[in-house]
Amino acid sequence: AYMRTEATLLSYDMADRMRANFDGVNAGNYNNLGTTRPANPPSCSTPGNPCSASQIATLDHYQWETDLGNVLPSGRGTVTGNNMIFTITVMWDDLHTGATGTGCSGNPSVDLSCLSISARP
């Protein structure tokens, strides 16, 4: 129950990030975020160096994937959709089986546990 609660909070975290960067949503920067954390976050978040909407989306993806990995065992997530409705999915190894699949089949020996929400930014 604890990990499911954390997964829920982290899915809402991404939805809130998207709402805060509506220009990035409109530009399609959140349409297909995969489970791989971006290699290098943008360095634009310092005073005097404001981020563009695209850079904010990349930074959001980097920070979110980092948080998922730090909070949940084998935690990762995806965001898919378009400018109107998005599916935010959080995955983790709930039973510590070593599963790595992202198919959300419900079989814990193959796939990670999944929680998905639909969000409208």
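User: Which residue forms a salt bridge with arginine 17, the closest N and O atoms being 3.0 Å apart?

Analyst: This is a predicted model: local features need pLDDT of at least 70, side-chain atom pairs count only at pLDDT 80 or more, and totals for chains, interfaces and linings use all residues. Residues are numbered from 1 along each chain as its sequence is written; side-chain values use heavy atoms, with hydrogens and water left out. A salt bridge puts a side-chain nitrogen of Lys or Arg within 4 Å of a carboxyl oxygen of Asp or Glu. At 3.0 Å, the partner of arginine 17 is aspartate 13.

User: What separation in helical turns do arginine 17 and aspartate 13 have?

Analyst: Helices (H or I, at least four residues) and strands (E, at least two) are DSSP runs, numbered from the N terminus. Both residues sit in helix α1, four residues apart. The separation is therefore about one helical turn.

User: Is arginine 17 buried or exposed?

Analyst: Buried means under 20% relative accessible area, exposed over 50%, and partly exposed in between (1.4 Å probe, protein chains only). Aspartate 13 has 23% and is partly exposed. Arginine 17 has 16%, so its class is buried.

User: How many residues apart are arginine 17 and aspartate 60?

Analyst: Their side chains meet in a salt bridge, 3.2 Å from N to O. Arginine 17 is in helix α1 and aspartate 60 in helix α3, so the pair links distant parts of the chain. Aspartate 60 is buried at 8%.

User: Which residues are linked in the network of salt bridges?

Analyst: The whole structure holds four salt bridges. One of them, aspartate 16 with arginine 19, lies within helix α1. The network joins Asp13, Arg17, Asp60 and Asp67.

User: In what order do the strands of the sheet lie?

Analyst: Two strands pair if DSSP finds at least two bridges between them. Four strands form an open, antiparallel sheet. β1 (32-33) and β4 (113-119) are the edges, each pairing on one side only. The order is β1-β2-β3-β4.

User: Which residue in β3 stands opposite valine 79?

Analyst: Valine 79 lies in β2 and is the bridge partner of leucine 33. β2 and β3 are joined by six bridges and by a hairpin of four residues. Six of the seven β3 residues are buried. In β3, valine 79 faces isoleucine 88.

User: What angle does helix α1 make with β3?

Analyst: Contact means heavy atoms within 4.5 Å. Axes are lines fitted to C-alpha atoms, for helices over the stretch in contact, and angles run from 0 to 180 degrees between N-to-C directions. Helix α1 (residues 2-20) touches β1, β2, β3 and β4. Its direction meets that of β3 at about 145°.

User: Which cysteine is joined to cysteine 44?

Analyst: A disulfide is a pair of cysteine sulfur atoms within 2.5 Å. There are two in the model. Cysteine 44 is buried at 4%. Its partner, 2.0 Å away between sulfurs, is cysteine 51.

User: How far apart in sequence are the parts tied together by cysteine 104 and cysteine 114?

Analyst: This disulfide also spans 2.0 Å, S to S. Its link is left-handed at -85° about the S-S bond. Cysteine 104 is in the loop between β3 and β4, and cysteine 114 in strand β4, so the parts tied together are apart by ten residues.
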